Structures are given as C-alpha cells and as structure tokens.
Amino acid sequence: MIQETVTVTGEPTATTHHFRLMFPTSRHGAHAARHAAERWLADQRDCPELAAGDEAAATASLLIAELTANAALHGRVRGRHARLALTLTAGTLRIEVTDARGDRLPAPTPHADGESGRGLLLVASLADAWGCEPHHPGGKTVWAECAQRKPARKGGA
C-alpha cells in the first residue's frame, strides 16, 4: 500500500491511500483482482478516511467486479495486462481500471436485443460519477467514484 500525507497550512492533515494491481485480462484475473481489492478495503476500515460501513464496501465491490470483468471481456490484448487502481481519500473512493483496448470504448446503453451490456447501467446507478479517459499509448481507463458517507446513527439522535 502506498500512503501519502498532505498538509496545507491552516488545514487538517489529509491522508490518501492507494492500491494498485496488474491483472491478466481473463475471468480468473478479474476475479483475483476484485478479491485482492476487497481485502485491501477491509484492511482500511480502521482509517478515518473510510467512514462508511458495509453498504459502501458492498457498492465498491460491485463496481470493482463490473469494471474488472469489463476489462477482461472487452479490453483483452494478447500479452497485455489490465491495471486496477483504488484511491481512498477523506471524501471519495476512486476506482480505475485501465486496459489496452482504447478502440473499444464503453457503451452506457445496451442494445435491446443484446445478451450483455447492462453492467454499465449498474455502474451508473451505483457510482456518484463515472467515465472513460484515453490512456497513452493506446488504452483506456474506465473509472467510478463513490462519495464516502458517514453511516447513519442508530437510535435517532
């Protein structure tokens, strides 16, 4: 894990946690990447930057699963791996998956007759923001962000 601490004069200290993993663009590779990311997020639960509880972890897991599966299915280039990157700050978890297929951009609306293509609808509904950016020299990065919300207090006070 890479951890950075940034201090701005007059502001509280902010810590950024990073997770990065290269994975083969296969079903098994996507599955292994998701589980490694879930373990890393579980290890971060004691960090003040991860204020949300189990619901946020489940949402993050679904987003990671969908983005890594898409890279394995649509971003495969023989001999090239994909990269999963998570960045956790006080307010946001950013999930990025980079693959080598810059020519195959995600289509957020599936074909009515298609048997697949609905995963990005899930991403759009679960993430606070998501998008796709070119990645030099010829790939793309699909990202999703989740705002870290404090869990609701029990007991009504």
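The protein chain has 3 helices and 6 strands, taken as DSSP runs numbered from the N terminus (helices H or I, at least four residues; strands E, at least two).

I noted that this is a predicted model, where local features need pLDDT of at least 70, side-chain atom pairs count only at pLDDT 80 or more, and totals for chains, interfaces and linings use all residues. Residues are numbered from 1 along each chain as its sequence is written, and side-chain values use heavy atoms, with hydrogens and water left out.

I looked up H1 against H2 next. Helix H1 (residues 27-43) packs on H2 at an angle of about 155 degrees, and the axes are 9 Å apart. Axes are lines fitted to C-alpha atoms, for helices over the stretch in contact, and angles run from 0 to 180 degrees between N-to-C directions. H1 and H2 are therefore roughly antiparallel, the word for angles over 145 degrees.

I then listed the contacts (heavy atoms within 4.5 Å). Arg 27, Ala 30, Ala 33, Arg 34, Ala 37, Glu 38 and Leu 41 of H1 meet Ala 60, Ser 61, Ile 64, Ala 65, Thr 68, Ala 69 and Ala 72 of H2.

Last, I checked for a cis peptide bond. One joins His 136 and Pro 137, with omega about 15 degrees. Pro 137 sits in the loop between strand S5 (129-135) and strand S6 (139-147).

Notes. Angles under 35 degrees count as roughly parallel, over 145 as roughly antiparallel, 65 to 115 as roughly perpendicular and the rest as oblique.
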